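The comments follow the order in which I would discuss them with a colleague.

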Amino acid sequence: MKPGFLLAAAFCALLPPAAIAADQSKSLALAQPQKAAAPRPSEPLLLQADEIVYDNDTSTVSAVGQVEISDSGRTLLADRVEYDQVNDRVTARGHVSITDANGNVAFADHVVLTDRMRDGALSGFGALIGKSGRLAARSAQRIGGDTYVTRGTVYSPCKICNQPGKRTPLWRVKAERVVYDQKAHRVRFRDASIDLAGVPVAWIPFLSMPDPTVKYASGLLTPEMGNSTRIGYYVRTPFYVALDQSQDLTLSPMFSSDGGEMLQAEYRLRWNNGGMWLQGSGAYNGNGSLSGTPGPQTYGHIFGSGRTGLGGAWRAGFDVQHTSNSAYMRYYDISFLDRLMSDLFVEGTPGRSRFALTGYYFQGLRSTDIASAFPYILPKLEMSFIPVKKVGGGSFRFDVNGASIGRPNGLNDQRLTGEMNWKRPFIFGDGQIWTFVMNGRGDTYRIETPAIGAAPANDRYINRGTGFAALDWRWPFIASGGGGRSYILQPIAQLVAQPYGGNPAGLRIEDSNDFEFDDNNVFSFNQVPGYDLIESGPRANAGLMAQAILPGGKVEAMVGQTYRLKPDPLFAAFSGNSGTASDIVGSFSVKFPHLDITDRIAVDRGNGTVRRHEVYVTGSYARSSLQLSYVQLPPSALLLGLPSREELNAQMDVNVWRNWQVFIAGQRDLQKGEFLNTEYGLGYEDECLAISLAYRRKFTRDAVLGLPPSTSMILRFSLKTGDTPIQPFSLFPRDVFALSHP
């Protein structure tokens, strides 16, 4: 065991004035020195070494061989350490390392430290910062215990392999003078050059970046450069501002040769019971190409969301989506949404019940949209009461739903709906499950029609009451295959008794237009979405569900169909649910850790042709992935008026070699036999560098919005400074925003 000594603030001020040769393990706890050159704190130093030598004439103590000194969370290791009590100076030689309280390690060949190892000079200096950061210099000066000023410095956050040909980091910064502030976790360079794979690529007079231990800090983020046939050559330089530990701001100015200038901003804020984010932009285009009128023009948009708790089970929130021009966001590739929605709500969920009051505002961005026809909802009421205890041996639910809809053109209406639902299951000994359901509902409408020409304004009230009784039967058969395998086969039949009618003339259809008959609603007692339209008449739903649970995944399949005594006039011929028998709908899915396949299909009950077909495939292997979707849709039912379509979408990311990736994506209209969008690219990414080059082509044209086809080339380049997601660097001589948070 090597000898160890516990000393007070001065190494050995109370030792006898003679040399001590330590031949065996010793430990001495010494009180404060009786005399010292300067006032000293009372915390003890911990010193361990093979040998301790005390020179009374020079008032020095020397520790020789495997020396370890710990003081106030700092640890010094060396081959030899000399302590000058008069000058309060520690001199260390040979394999010197200094570890601070945060675990950062500094290395040197020769070190002179003062002020309880807080200040000093180091030669042949090196430092480990965080998990991967490395800094090396000819010499360094330590100030205040947490700041190093180095000369002739090389810094890199990249991991370095100790193998021939791999010792040069992928990128590094070389500078004549560097200040490393351990307390602020900041590295500042003066007269710096950036080397990529050992080749200088940029010179910067001042450079500042956080060390690899920082989670977020103010500074310049990854710039983006590219070329587009719409806006010409452009460059985007985002700047991140860490306001404090709970809020930040990102500013992204963009300059283009043909599209003018744009500034994007994103603000994020978190608090104890909620948070919010706002994203917006403003653009100035001297060409004025979006409004159809000559001259300079300005555009803008805002997106955002926020949630906050109100105490207990209550909360409030908002969502906002708005733009000043219907083509603006697509023109600058900000967003490709064609419907925008904003809302403001208050919501409570006491127990199993729920109450919500929400206001909605919509904006349409399609060339065929008419702004005056778009509604706003103020408010929408949703209330559900579900008692914890059973009612009559079954589960009971009472819902109230209402909406007040207004439009600029005056076509306003209000609706209030009350609905009660009760169901009780019965399970028999052979496994059959019979569920009896009763439902009653009433609606009141107020329809407003403004004065048109000589026709006066008119308000009408429409009332409706309806209900149904239903019986749901299921009989699952379960078999075990061993080895964690099990198989389930379950036939399903539903009978619904409901009177005909129930959709009065004169109703404005607001929320039931988007009807799709598929595997999601074939076993629903009311297959029509929303409240305005209801399914009516006696009917039956029948089908079969199968499931195989295997080690690591499962396979599922379902098929179903609806039958009626006579056709329901609600469903159009192309809805898949007209006549006395519906289309046959089904789904098939395979779900494993690296493979997910979903196939949804609708087959015409008359001639057996496929009317609707959707296939979604997602696969991954190591760092490669594939996403594939095929969609064949018939014309949309009811009032949407959307034509049929058949599309193929594919996106593939292939890891071709080590950190190199090739990606390709495309969207093709199979009916017209033409591409809608394509994108190809090559990228490289590791722990300290990310670079990609992409080619993007949009083939669609919108003459009304003034959006022609476009081609873009996009270059993204990022020098990572750590393993955390936000690691910017700053091209300023000092921190403009002195906010770094480890």
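1. Gly-683 counts as buried because its relative accessibility is 8%; buried means under 20% relative accessible area, exposed over 50%, and partly exposed in between, with a 1.4 Å probe and protein chains only. The residue belongs to strand E41 (residues 674-685); helices (H or I, at least four residues) and strands (E, at least two) are DSSP runs numbered from the N terminus. Gly-683 lies 5.1 Å from Gln-661, C-alpha to C-alpha, although 22 residues separate the two in sequence. Leaving aside residues up to four places away in sequence, Gly-683 touches Asn-659, Trp-660, Gln-661, Phe-663, Ile-691 and Ser-692, where contact means heavy atoms within 4.5 Å.

2. On the basis of these values: the model is predicted, so local features need pLDDT of at least 70 and side-chain atom pairs count only at pLDDT 80 or more, whereas totals for chains, interfaces and linings use all residues. Residues are numbered from 1 along each chain as its sequence is written, and side-chain values use heavy atoms, with hydrogens and water left out.

3. The largest nonpolar core has 47 residues, of which Phe-125 and Phe-189 touch the most other members. Such a core is a set of buried Ala, Val, Leu, Ile, Met, Phe, Trp, Tyr and Cys residues joined through side-chain atoms within 4.5 Å. Strand E11 (residues 171-181) gives the most to this core, namely five residues. Another core, of 17 residues, lies apart from it and includes Met-254 and Tyr-299.

4. Strands E27 (residues 395-406) and E28 (residues 413-427) pair in the antiparallel sense over eleven bridges; two strands pair if DSSP finds at least two bridges between them. Gly-402 has Leu-416 in E28 as its bridge partner. Six residues lie between the strands of this hairpin, and Gly-410 in the turn has a positive phi of about 90°.

5. E28 also runs antiparallel to strand E29 (residues 433-449), joined to it by 15 bridges. Asn-421 stands opposite Asn-439 in E29. This hairpin has five residues between the strands, and Gly-431 takes a positive phi near 100°.

6. The charged end of Lys-566 sits over the ring of Tyr-500, 4.1 Å from its centre. The criterion is NZ of Lys or CZ of Arg within 6 Å of the ring centre and within 35 degrees of the ring normal. The charged end of Arg-697 likewise sits over the ring of Phe-699, 5.3 Å from its centre.
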